[in-house]
Amino acid sequence: MTKQIQPIRGMNDVLPSEIGVWQYLESSAREILAAYGYEEIRVPIVEHTDLFKRAIGEFTDVVEKEMYTFTDQGGDSLTLRPEATAGIVRAVISNGLLRGSRLKLWCAGPMFRHERPQKGRYRQFNQIDVEAIGFAGPDVDAELIALTARLWKKLGIERVRLQINSLGTPESRRVYREHLVNYFRQHESRLDADSRRRLESNPLRILDSKNPEMREIVAGAPLLTEHLDPESRAHFDTLCVMLRDVGVEFEVNPRLVRGLDYYTRTVFEWITDALGAQDAVCSGGRYDGLIAQLGGEPTPAIGFAMGVERVVELLVQAGRAPARQAPDVYVVVSGELATKQGVVLTERLRDALPHRRIELNLGGGNFKTQFRRADRSGARLALIIGDDELGRGMVALKPLREESGQSECPIAEVASRIEAMLADGRR
Ligand code: HAM
């Protein structure tokens with residue numbers, strides 16, 4: 001037998017049996033985003049590698065180890081997007097959308113990171129990404145976070161909690177970085193290899209170390225919050241007040257640093273204890289320097305992205321996955337003429353009842369087989385088209401979900417009869 005082609009590790013199919021919960025999440029998010037005035041933008045999945053290096057930072061895990069980078073036939077180095085913010089900012093600049101205007105944008109789709117796959121961590125994963133560009137905050141910071149809280153409420157997700165922090169300005173971060181490097185140098189012999197490497201390139205990321213042996217050293221490290229500049233401090237304090245006033249609960253986590261370099265001031269993360277090690281379901285922050293860094297007018301901005309697979313898993317765990325939708329009507333055909341007429345009559349019925357789900361039995365089968373399929377489909381009604389009845393201008397209808405007999409009806413009246421039977425519950 002020919003050897004089967006294997007799927008790529010960490011890249012998943014979303015099957016029809018699973019898609020309902022994805023669509024539920026997507027439509028709920030779409031509704032809330034529209035209500036807050038966010039507009040959808042779609043940007044390419046592939047960008048110049050340089051974009052991500054410049055935006056995310058050369059010394060981040062994402063750029064150093066996780067990017068799917070290749071050279072195309074024209075010799076350009078291209079990368080499958082590991083996140084959406086860089087591409088959206090690039091699109092805003094390339095299309096001249098900035099020019100003093102303010103933008104509220106969102107985008108959904110797959111991202112690619114060559115991480116070690118495990119539950120909740122994939123190499124192709126989906127994000128719903130939201131960006132507010134041209135707003136200095138902290139009002140927009142508070143509103144954006146309130147939007148995420150509203151989404152959890154709408155979806156019925158309870159096992160999430162919000163952590164926030166401020167990373168200050170690049171200057172205050174530079175000062176803090178020096179303090180941090182001094183501290184870690186004093187404990188260099190106790191640092192693991194990864195942290196020693198980061199000491200030169202990206203010492204803030206040591207605070208994020210997942211190695212339990214690093215916990216004690218990290219716990220003693222100086223805090224960024226102790227070195228915040230006054231403006232960032234005021235920004236953060238106001239954000240906290242606003243969140244309290246709108247009733248969004250949060251914890252300040254002074255060690256929340258995030259894995260991408262473009263953040264300034266506010267950062268936040270919704271975490272859960274329901275997904276094991278992969279606890280972040282939605283994270284983001286302010287990136288006031290990024291747009292200028294990519295060649296645009298200096299423009300403040302903030303955004304976040306949620307991991308769709310992780311939120312889907314929370315929904316499944318909470319029993320919020322919607323049931324598969326059954327057809328309203330299953331059309332059974334019996335006889336040669338009926339089989340020929342079946343497609344035509346069913347199309348006419350779909351014209352008459354565009355909001356109804358009507359499934360036609362395809363590929364033949366005897367009466368019993370077709371009824372078994374009708375039953376399995378979950379349909380409420382069977383429409384039976386038979387040669388004999390057709391000769392008299394009639395078809396038959398049979399409720400499938402209750403003990404009730406079959407009744408005949410003239411072809412011309414079938415749409416209204418179906419509608420009446422479905423509408424008043426006489427299934
Ligand atoms: P991020 O924290 O790298 O931020 O990713 C956002 C979310 O994507 C995470 O909280 C997580 O739920 C999900 N995620 C990340 N990696 C994986 C993975 N390998 N498998 C499954 N889910 C994953 C960003 O990407 C920023 N661009 C967010 C942002 C937008 N900041 C400002 N604007």
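An oxygen atom of the ligand is 3.3 Å from a polar backbone atom of Gly307, in what is a predicted model. This is a polar contact, that is, a pair of N or O atoms within 3.5 Å. The protein covers 96% of the 650 Å² of accessible area that the ligand has on its own, with areas from the Shrake-Rupley method and a 1.4 Å probe.

| Residue | Residue atom | Ligand atom | Distance |
|---|---|---|---|
| Glu131 | side-chain N or O | nitrogen | 2.9 Å |
| Tyr262 | polar side-chain atom | nitrogen | 2.9 Å |
| Gly307 | polar backbone atom | oxygen | 3.3 Å |

Around the ligand there are 27 residues, of which Glu83, Glu115, Tyr122, Tyr263 and Ser283 come nearest; a residue counts if one of its heavy atoms lies within 4 Å. By class, this shell has 11 nonpolar, 8 polar and 8 charged residues, where Tyr counts as nonpolar, Glu as charged and Gly as polar.

The elements that give two or more residues to the shell are β6 (124-133), β10 (280-286) and β11 (301-307). With 6 residues, β10 gives the most. Strands are DSSP runs of E with at least two residues, numbered from the N terminus.

The domain assignment, automatic or from a database, gives domain 1 (19-168 + 228-317) and domain 2 (329-422). Their C-alpha centres lie 49 Å apart.

Residues are numbered from 1 along each chain as its sequence is written, and side-chain values use heavy atoms, without hydrogens and water. Local features need pLDDT of at least 70 and side-chain atom pairs count only at pLDDT 80 or more, while totals for chains, interfaces and linings use all residues.

Conventions: Polar contact = N/O pair within 3.5 Å; in protein donor to acceptor, adjacent residues only side chain to side chain. Helix = DSSP H or I, 4+ residues; strand = E, 2+ residues; numbered from the N terminus.
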